[in-house]
Number of protein chains: 2
Amino acid sequence: MGQREIARAVQKDDSAHTTRIGKPLRVALFGFGTVGSSVARILVESRPEGLELTHVFNRGVARKKVDWASKNVVWSEDAGGVLSSDVDVVVELAGGLEPAGSWVRRALESGKSVVTANKKLIAFHGVELERLAAAKGGHLKYGAAVAGGIPVIPGLEQGLAGDRIERMQGILNGTCNFILSRMEAGAEYATVLAAAQAKGYAEADPTEDVGGFDARAKLAILMRLALRVVVDPEEIIPQSITSVTAVDFSYARDLGCTIRQVARAEEREGNVAATVGPMLVDLRSPLAWSRNTENMVILTGKYGGDVVFSGHGAGGHPTAVAVVSDLIALAHGSRRVEVPSVPAKIGAEFEVPHYIRFLVVDRPGIVAEITGTLARERINIRAIVQKAGYPAHALPFVVTVEPCKSSTLKRALTSIGKMDCLLEEPLNLQMLE
Amino acid sequence: MGQREIARAVQKDDSAHTTRIGKPLRVALFGFGTVGSSVARILVESRPEGLELTHVFNRGVARKKVDWASKNVVWSEDAGGVLSSDVDVVVELAGGLEPAGSWVRRALESGKSVVTANKKLIAFHGVELERLAAAKGGHLKYGAAVAGGIPVIPGLEQGLAGDRIERMQGILNGTCNFILSRMEAGAEYATVLAAAQAKGYAEADPTEDVGGFDARAKLAILMRLALRVVVDPEEIIPQSITSVTAVDFSYARDLGCTIRQVARAEEREGNVAATVGPMLVDLRSPLAWSRNTENMVILTGKYGGDVVFSGHGAGGHPTAVAVVSDLIALAHGSRRVEVPSVPAKIGAEFEVPHYIRFLVVDRPGIVAEITGTLARERINIRAIVQKAGYPAHALPFVVTVEPCKSSTLKRALTSIGKMDCLLEEPLNLQMLE
């Protein structure tokens, strides 16, 4: 653009701005649970310029109706009716692939814009939905889909587009962080899970969270924006946190570490590695600072080095902040900075040290057998740690190994797993360095 | 905007995008030092879409010329010539109020856009320059002016616009953080300052950094974006870090703290408080994690709670990432989200606990006299700490007091300062809670 063209473009903008103040964007909320009512609350309290809440859709909407919203708001149980109304922006807070996906597609098809907090939908269908939005003249924004109230997505798009992000590590699931940071303080898994469920931090079926499925969806989204690769989230194999016990926290502490559910990915000359699971993190690392339901993302750029973002990743208000910020950006005519991304397979593995915890009925020769098997796979042992005070009939001990591929280690552990002294499958965790 | 209007606006955008790819934004660098050459380097290596480096202005430009830049780049010593050329964006990296301010004004006057890393210019003249940009059809972006490679400004504008930020604390000066985190590890001020100067982290005259003037300019910028108040930076009274000694780090550690240069501000019902200086920070606080030249910003929102940003605040490459990211946002037609701000006076004071370190020739009655004076000002003592091992003729000891206003404490200390046993003025630091 020449300077006159810039000048003209901005003059258009200014007139659009004037129009916009005269006629705000009409906003429909799809879903009026914790996040939805927080969004409405912020819109009512802060009255950001250029936005008007006009519709709320929810099943059984009568019991959702609140007296503090504008009297002009239409409360509806008819999704189709709201989608064919004259709203400009649909805020999708229902979650899950369907029916949320159909609503979002229909809104975008008709040229409306969509703001969503739906990590699953964006992880699996983000590219397709962005194309649809661009083709039909709407916008798709999802700053709330990853790390709720922490502006990682706008920070990446607007502030780090000039870097080349090569590696990322994140604590992306507040439920797991709550559970593991409480276990670090001495609690048992089952007790903490029950507490998390009572506080509404965990679902009745916690698999999506503790199994790593929630975090991998968020990781896939961040990989597209940060590493600029489009991956199938299902290629990221998650490891559950449910096998981690109090014993592991005790051994981790002796190693100068604690345990967090970490989602990590890196790209090197086209080779992409990505994984999610409980990992040992150094007590001096930022990841160890993250407690309770906090989220954290560490991005490592070729030029800018490490950038750390941390804060409340979930909860009604923090997620609502991200949603309202996206709405404000739409109202101000701020366009996304769309960085090019390429499809990629997850074909590489991290070569990192590992922590392996065995639980055995003690007898002579166990260590010799285990170390012998590891040696045959050319895996170097870093340390063998056995703390006093555990019973011989259920003895936990730990072997840490020098950096190796997970697949090599798994081969060795399959062989070791046949030993009759083992009371359970060995627990094998990556150690972050 | 109705949905058809949105559709039309975006179609316009798309055509602009097509035009843009055909004709990239022509970029002129003003200043080819560490940051300028990093910007050029990233543009050459990453070739972001829609940007072309066409001019480099620097005094004595002949010795700056590099062989890895495009042959089409015009290397010039004639600022006026470059400003009247057909460049679309001027990247101002000269720093300081003049002549940088004149160049920026002239560029904006002629409808060009400006990207700058100049915190001083933006802190003192940002509002005026933004108005000029808007009036003439250009854009002014300054993501690099605060915390270099950490995307605090885009994070605030794009990701936290939906919150109401009430408080902020930051480590905004890398030089001070380098000096104080080295002193924490046992080094003396003069030694570390010399090392910082040798590494290029500190100027020959370090006053701007150690005196807190650099940090207060950045604080004033963040106050406008986060707290939405426009203040005169000179109303923020900085405290120098030069009075902090090894003794203070030793006493701080006994109190579970360390010392950092912190810039902080808060707004409560129109009352604005802001200050910069060395402060005691809890060892468990994120501010204590920040080491070397790192920067950190903690924003506390009414809805989203604390958000922490951390990373490399200065240096050629990290600052260049912020500059190039701003350029990419311009090339993509991304508009700033301009939140309304109001002029404000800094009229409030923080009520916080204070650390006061005395250096005395020991004699009976000193503590009674000091505590008596504090009591007359109704300041409550929290603790009196005197470590063994210091000589009686130069004895440092510490009094900490419960939250009180700095002005009240200063009145008491003026009175105490007249005591003949004092070898120097008492050192008085805020303690962050």
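A definition to start. A residue counts as buried if 20 or more other C-beta atoms lie within 10 Å of its own, exposed if 12 or fewer, and partly exposed in between, with C-beta atoms placed from the backbone. Next, the ground rules. This is a predicted model, in which local features need pLDDT of at least 70, side-chain atom pairs count only at pLDDT 80 or more, and totals for chains, interfaces and linings use all residues. Residues are numbered from 1 along each chain as its sequence is written, while chains are lettered from A and ligands numbered from 1 in the order in which they are written.

Now use that definition. Is Asn292(A) buried or exposed? Asn292(A) has 11 other C-beta atoms within 10 Å, so it is exposed. Its phi is near 50°, a positive value in a residue other than glycine. Where does Asn292(A) lie? Look in the loop between helix H12 (286–289) and strand E11 (294–301) of chain A. A word on those names: helices (H or I, at least four residues) and strands (E, at least two) are DSSP runs, numbered from the N terminus.

Over to chain B. Glu269(B) is not a glycine, yet it has a positive phi of about 45°. Find it in the loop between strand E9 (257–268) and strand E10 (271–282) of chain B. Glu269(B) is exposed because 5 other C-beta atoms lie within 10 Å.

Next, a helix. H10 of chain A covers residues 213–227, which makes 15 residues. From first C-alpha to last, H10(A) reaches 20 Å, close to the 21 Å expected at 1.5 Å a residue. That expected span is 1.5 Å times one less than the number of residues. Of the 15 residues of H10(A), 14 are buried, so the rest of the structure largely encloses this helix. Just after H10(A) comes Arg228(A), with a positive phi of about 65°.

Now peptide bonds. Glu98(A) to Pro99(A) is cis, with omega near 5°. Pro99(A) sits in the loop between strand E4 (89–92) and helix H4 (100–109) of chain A. In chain B, the bond from Glu98(B) to Pro99(B) is cis, also with omega near 5°.

Last, the two chains together. How is chain B superposed on chain A? A rotation of 180° with 0.0 Å of shift along its axis does it, at RMSD 0.0 Å. The two copies are thus related as by a two-fold rotation axis.

Conventions:
Copies are superposed by least squares on the C-alpha atoms of residues with pLDDT of at least 70 in both.
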